[in-house]
Amino acid sequence: IQGNFIFYDNAAVLQTPARMFGVVVNSKMRELDKQVQQYKKELTDMVPVTVRGRMFKKPEGEEGWEDRIEIIEILKVTAPKPEDNDVIKVGGDTLEP
């Protein structure tokens, strides 16, 4: 599956053109987060990725996105197009000191 990935404030999301997935936070997700860091300018930048995973619905009574994905394999991480990360900055969440 291809989409834009972000891990911020202990929540991970994979956004595809059709759906938004809550990503299971596990060792494979943390590995993906390390790989996307080289492409992020801001903490809130989303990075294009291609992954294989197990998709399922969120358990009854849990908060979060209805659709979930557990990443099984990281296939590709690419640099985002600058126009895809156009946001209005409100705070100081940058990766620079």
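**Strand pairing, helix packing and core**

Strands β1 and β4 run antiparallel and are joined by 4 bridges. Within that pairing, Gly3 sits opposite Val49 of β4. The model is a predicted one, and everything below is read from it. β1 also has β2 as a partner: these two pair in the antiparallel sense as well, this time over 5 bridges, with Asn4 facing Gln15 in β2.

As for solvent, Asp9 counts as exposed because its relative accessibility is 69%, over the 50% cut-off. Asn10 is likewise exposed, with a relative accessible area of 65%.

Zooming out, the chain has 1 helix and 5 strands, laid out along the sequence as β-β-β-α-β-β. There are 97 residues, and 33% of them count as buried. The accessible surface comes to about 6,600 Å², with 50% of it belonging to carbon and sulfur atoms. On the contact side, take pairs at least 6 apart in sequence: 58% of those contacts join residues at least 24 apart.

Now for the helix. At the start of α1, a side-chain oxygen of Asn26 comes to within 3.1 Å of the backbone nitrogen of Lys28. Further along, which residues of α1 are buried? Met29, Leu32, Asp33 and Val36 are. These four lie on the same side of α1, because they cover an arc of only 105° around the axis.

Leaving out residues up to four places away in sequence, Leu32 touches Phe5, Val49, Val51, Ile71, Ile74 and Val77. Leu32 also belongs to the largest nonpolar core, which has 16 residues; the members touching the most others are Phe5, Leu14, Val23, Leu32 and Val49. At least two residues of this core come from each of β1 (2–8), β2 (11–15), β3 (20–23), α1 (27–36), β4 and β5. β5 supplies the largest share, 4 residues.

Past the helix, Lys40 lies in the loop between α1 and β4. Is this lysine buried or exposed? Lys40 counts as buried, because its relative accessible area is 9%, under the 20% cut-off. The C-alpha atoms of Lys40 and Ala79 are 8.3 Å apart, although the two residues are 39 apart in sequence.

Phe56 lies in β4, which spans residues 47–57. Its relative accessible area is 21%, which makes Phe56 partly exposed. Beyond its neighbours within four places in sequence, Phe56 is in contact with Val24, Glu66, Asp67, Arg68, Ile69 and Glu70. For one of these, Ile69, the C-alpha to C-alpha separation from Phe56 is 6.4 Å, across 13 residues of chain.

With 11% relative accessibility, Asp67 counts as buried. What does its side chain pair with? It makes a polar contact with the side chain of Lys57, at 2.6 Å. With neighbours within four places in sequence set aside, the contacts of Asp67 are Arg19, Met20, Phe21, Gly22, Phe56 and Lys57.

Conventions:
Residues numbered from 1 in each chain as written. Predicted model: local features only at pLDDT ≥ 70, side-chain atom pairs only at ≥ 80, totals over all residues. Heavy atoms only, no water. Buried < 20%, exposed > 50% of the residue type's maximum accessible area, 1.4 Å probe, protein only. Polar contact = N/O pair within 3.5 Å; in protein donor to acceptor, adjacent residues only side chain to side chain. Contact = heavy atoms within 4.5 Å. Core = buried A, V, L, I, M, F, W, Y, C linked by side-chain atoms within 4.5 Å. Areas by Shrake-Rupley, 256 points an atom, 1.4 Å probe, with all protein chains shown as cover. Pairing = 2+ DSSP bridges. Arc of directions from axis to C-beta.
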